[in-house]
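Please look through the sequence and the three-dimensional structure shown below.

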Amino acid sequence: KGVPERLDAFGRFLELYPDRREDVVMVQIGVPTRVNLPEYQALMADVEQRVERLNATYGRDGRNVVHLITRNLDFRELIPYYVLADVMAVTSLHDGMNLVAKEYVAARPGGDGVLILSPFTGASRELEHAIQVSPYDREGLAMAFHRALTLSPTERADRMRSLREVVAAQNVYDWARKLIRDVRRLHLLPGMRPA
């Protein structure tokens, strides 16, 4: 999911923009999966160390700059985080649809908020009005955090309106129709015949 890369970029953001250390907090929600795999356990230990390092470096007076939540949250518990987040960063290194990006957009009825997406997410193809940046580009992702936080209210609203239109126009029936249409098109290609 690109969590270590996201944390490193957030640290770089705090390094580049020290004036934002007092008013910006990252909430990193990491729902535990595959907890019995040694690789996952090592990743979680690495993430926890990065969070501790960021809080030790940039936290002040008992105030953490990163809050790590590592428990299962049901959808009702996630909604308040979506509503409160000025910026949502979905920075997967390689992944499928990333519905969390669409959930964030759907949870923003006030028309505010900024979505940062990795170009490696499936959602990036549809959600073109998100700020797109590679999670492998620490500097670029740090700058994307800054850009997202400093966009004018008008640009934030325009971007979110466009994102919401895309999300509202796509539902499971649209997806099924597209899938069936694509399968039919494959069967019509020269040299292909139905199975």
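**From surface to core**

Tyr81 has its place in helix 3, which covers residues 75-84. This structure is a predicted model. Tyr81 counts as partly exposed because its relative accessible area is 32%, and buried residues are those under 20%. Together with Val25 and Val27, Tyr81 forms a nonpolar patch on the surface, and the three residues share about 220 Å² of accessible area.

The chain as a whole may be considered next. Its secondary structure consists of seven helices and five strands, and along the sequence these follow the pattern α-β-α-β-α-β-α-β-β-α-α-α. Of its 195 residues, 39% count as buried. The accessible surface comes to about 11,800 Å², and carbon and sulfur atoms contribute 56% of this area. Among the contacts with a separation of 6 or more, 65% are between residues 24 or more positions apart.

Which residues touch the most other members of the largest nonpolar core? They are Leu7, Phe10, Phe13, Val66, Ile116 and Phe145, in a core of 26 residues. Helix 1 (3-16), helix 2 (38-58), strand 4 (114-117) and helix 5 (138-150) each supply at least two residues of this core. Helix 1 gives the largest share, with six residues. Apart from this core lies another, of 19 residues, which includes Leu73, Ala101, Leu127 and Met160.

The charged residues complete the picture. Side chains of opposite charge can pair when their charged atoms come close. The count of salt bridges comes to eleven. In one of them, Arg156 pairs with Asp112, and the closest N and O atoms are 2.6 Å apart. This pair links distant parts of the chain, since Arg156 belongs to helix 6 (residues 153-169) while Asp112 lies in the loop between helix 4 (99-106) and strand 4, 44 residues apart. Are the two partners buried or partly exposed? Arg156 counts as buried, at 18% relative accessibility, whereas Asp112 is partly exposed, with a relative accessible area of 29%.

Glu155 takes part in two salt bridges, one with Arg147 at 3.7 Å, N to O, and one with Arg159 at 3.1 Å, N to O. Glu155 and Arg159 are separated by about one helical turn because they are four residues apart in helix 6. An α-helix has 3.6 residues a turn, so residues three or four places apart point the same way. Arg159 counts as buried at 15% relative accessibility, while Glu155 is partly exposed at 30% and Arg147 is partly exposed at 38%. Finally, a network of salt bridges links Asp8, Asp46 and Arg50.

Terms used. Residues are numbered from 1 along each chain as its sequence is written. This is a predicted model: local features need pLDDT of at least 70, side-chain atom pairs count only at pLDDT 80 or more; totals for chains, interfaces and linings use all residues. Side-chain values use heavy atoms; hydrogens and water are left out. Buried means under 20% relative accessible area, exposed over 50%, partly exposed in between (1.4 Å probe, protein chains only). Contact means heavy atoms within 4.5 Å. Accessible areas come from the Shrake-Rupley method with a 1.4 Å probe; for residues, only the protein chains shown count as cover. Patches are made of residues with over 30% relative accessible area and no salt bridge: like charges are joined within 9 Å, nonpolar side chains (Val, Leu, Ile, Met, Phe, Trp, Tyr) within 5 Å. A salt bridge is a side-chain nitrogen of Lys or Arg within 4 Å of a carboxyl oxygen of Asp or Glu. A nonpolar core is a set of buried Ala, Val, Leu, Ile, Met, Phe, Trp, Tyr and Cys residues joined through side-chain atoms within 4.5 Å.
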